[in-house]
Amino acid sequence: MRILIANDDGIDAPGIALLRRAAARLWSDVWVVAPERKWTAASHHLSFDRDLVLTRRENQVYALSGTPADCVVGAMTVLFRDGGRPDLLLSGVNHGRNTGEDAAYSGTLSIAREACFWGVPAIGLSRVKEGGYGEEDVAALAALLASLWARRGQWAREGAWLSVNLPKTLPAEIGLARIGRDKIAGAADIVDDDPERTVWRIRRGRPQSSQPGDENSLIDAGKIAIVRHCWTDGAPLDESLAQELNAELGQG
């Protein structure tokens, strides 16, 4: 069984080292393709019209000069171009939770989403910043990954991936969460302001919004919060809308 690991915090981040150690307890064929540097809120940025460089760090471990999503594309189109695509992609472990609107902004979750575009089951993992990296954390994460993979028939399907948020202490109880609202980039700090030119900076942090049953409420209660995202479900519109628009515009 082949595993591909990537992240958005960079190849030298402690979170990806934790994930590698956990995966190595379960599987022998583990590959890593991760960015050379940290990407914050990179979302699903792909690098067109410039050269990208894959640098081999060690056997089956590569640093990439591109974005988090580029890492998946590079693995699929370069490293595995002759076949042997991974059976599972693991993204993270991100330094900090990914909740609410982070599903759109997060490079960690964009990696999982890109994998699902290639038909590869994927799990994006994030953790509150207070979490540790010791042997107990490795063992608990390995056990969680083994259980999720064994039950993939209950969550893996076309266009779907998992977002798993880990609390400070592992092991922990698991909860199935609903997507909350906790928007980053909701405020600005004015650095310089005059009638012709304004210099401003996006304020870091989040409001820590929480409602019962959402991701933040479970994480704050010390639980592992799991959400399934699905690219292909969409939000179907009622056919009557098309009929009304066509009638109004004289079409059909």
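I worked from a predicted model, where local features need pLDDT of at least 70, side-chain atom pairs count only at pLDDT 80 or more, and totals for chains, interfaces and linings use all residues. Residues are numbered from 1 along each chain as its sequence is written, and side-chain values use heavy atoms, without hydrogens and water.

**Entry 1: α2 and α4.** I looked up helix α2 (residues 68-79) and helix α4 (residues 107-117); their axes come within 7 Å and cross at roughly 30°. Helices here are DSSP runs of H or I with at least four residues, and strands are runs of E with at least two. The axes are lines fitted to C-alpha atoms over the stretch in contact, with angles from 0 to 180 degrees between N-to-C directions. α2 and α4 are therefore roughly parallel (angles under 35 degrees count as such). Which residues of α2 meet α4? I found Pro68, Ala69, Val72 and Val73. Contact means heavy atoms within 4.5 Å.

**Entry 2: α5.** Next I checked helix α5 (residues 135-150). Its 16 residues should span 22 Å, and its end C-alpha atoms are 22 Å apart, which agrees. I noted its buried residues, among them Leu141, Leu145 and Trp149. Buried means under 20% relative accessible area, exposed over 50%, partly exposed in between (1.4 Å probe, protein chains only).

**Entry 3: backbone.** Most residues other than glycine have a negative phi, and most peptide bonds are trans. Alanine 41 has a positive phi of about 50°. At 46% relative accessibility, alanine 41 is partly exposed. The bond from leucine 170 to proline 171 is cis, with omega about 0°.

Note on methods
Angles under 35 degrees count as roughly parallel, over 145 as roughly antiparallel, 65 to 115 as roughly perpendicular and the rest as oblique. The expected span of a helix is 1.5 Å times one less than its number of residues.
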